[in-house]
Amino acid sequence: QIQLVESGGGSVQAGRSLRLSCAGSGRAVSPLAMGWFRQAPGKEREFVASIGWNSGNIYYGNSVKGRFTISRDIPKTTVYLQMSSLKPEDTAVYYCSMNVYGGYSPGVREDIDYWGQGTQVIVSS
């Protein structure tokens, strides 16, 4: 079984930066893609970013384009999210995601095979 563990969340002032990490562990498997979603209280889970594991193809949600950068460390099965120019509306629990079994489309929640437990990000004005 695959486990995903996020780290790096916290509280910051608007305009500052945070870097999130997500490390996968468990049975050896090559992901098709890893990425990030976020969910604010009372809202649906929102796509943030994804990266194809072999291709390196990157997709971003419209609300974070130009501010967030996703990257991966293939040997460590780890994905990162560098968040810059943070805004109060970025406040959410950020969830790491992994696709393994195929049928993946970027940003589609139903295609996610594994989820992390989430890490809280709070951005104050």
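How many salt bridges does a search of the whole structure find? I get 4, taking a salt bridge as a side-chain nitrogen of Lys or Arg within 4 Å of a carboxyl oxygen of Asp or Glu.

Ground rules for my notes. This is a predicted model, so I use local features only at pLDDT of at least 70 and side-chain atom pairs only at pLDDT 80 or more, while totals for chains, interfaces and linings use all residues. Residues are numbered from 1 along each chain as its sequence is written, and side-chain values use heavy atoms, with hydrogens and water left out.

**Salt bridges**

I looked up arginine 67 and found it bridged to aspartate 90, with the closest N and O atoms 2.7 Å apart. This pair links distant parts of the chain, 23 residues apart: arginine 67 sits in the loop between strand E6 (58-60) and E7, aspartate 90 in the loop between E8 and E9. Both arginine 67 and aspartate 90 are buried (buried is under 20% relative accessible area, exposed over 50%, partly exposed in between, with a 1.4 Å probe and protein chains only). Salt bridges with shared partners join Arg38, Glu46, Arg67 and Asp90 into one network.

Within that set I checked glutamate 46 and arginine 38, whose closest N and O atoms are 2.9 Å apart. Arginine 38 counts as buried because its relative accessibility is 6%; glutamate 46, at 33%, counts as partly exposed.

Glutamate 44 pairs with arginine 109 at 3.7 Å between the closest N and O atoms. Here 65 residues separate the partners. Glutamate 44 is exposed at 62%.

**Aspartate 111**

What about aspartate 111: buried or exposed? I find it buried yet without a salt bridge, and the nearest side chain of opposite charge, arginine 109, is 11 Å away (Lys and Arg count as positive, Asp and Glu as negative; His and chain ends are not counted). Its side chain does reach the backbone nitrogen of serine 105 at 3.0 Å. Leaving out residues up to four places away in sequence, aspartate 111 touches Asn99, Gly103, Tyr104 and Ser105 (contact is heavy atoms within 4.5 Å).

**Sheet**

I traced an open sheet of 4 strands, order E1-E3-E8-E7, with antiparallel pairing (strands are DSSP runs of at least two residues, numbered from the N terminus; two pair if DSSP finds at least two bridges between them). Strand E1 (2-7) and E7 are the edges, each pairing on one side only. E7 (residues 68-73) and E8 (residues 78-83) share 6 bridges, with serine 71 partnered by tyrosine 80. In their hairpin, with 4 residues between the strands, threonine 77 takes a positive phi near 45°.

Note on methods: A polar contact is a pair of N or O atoms within 3.5 Å; within protein, one must be able to donate a hydrogen and the other to accept it, and residues adjacent in sequence count only if both atoms are side-chain atoms.
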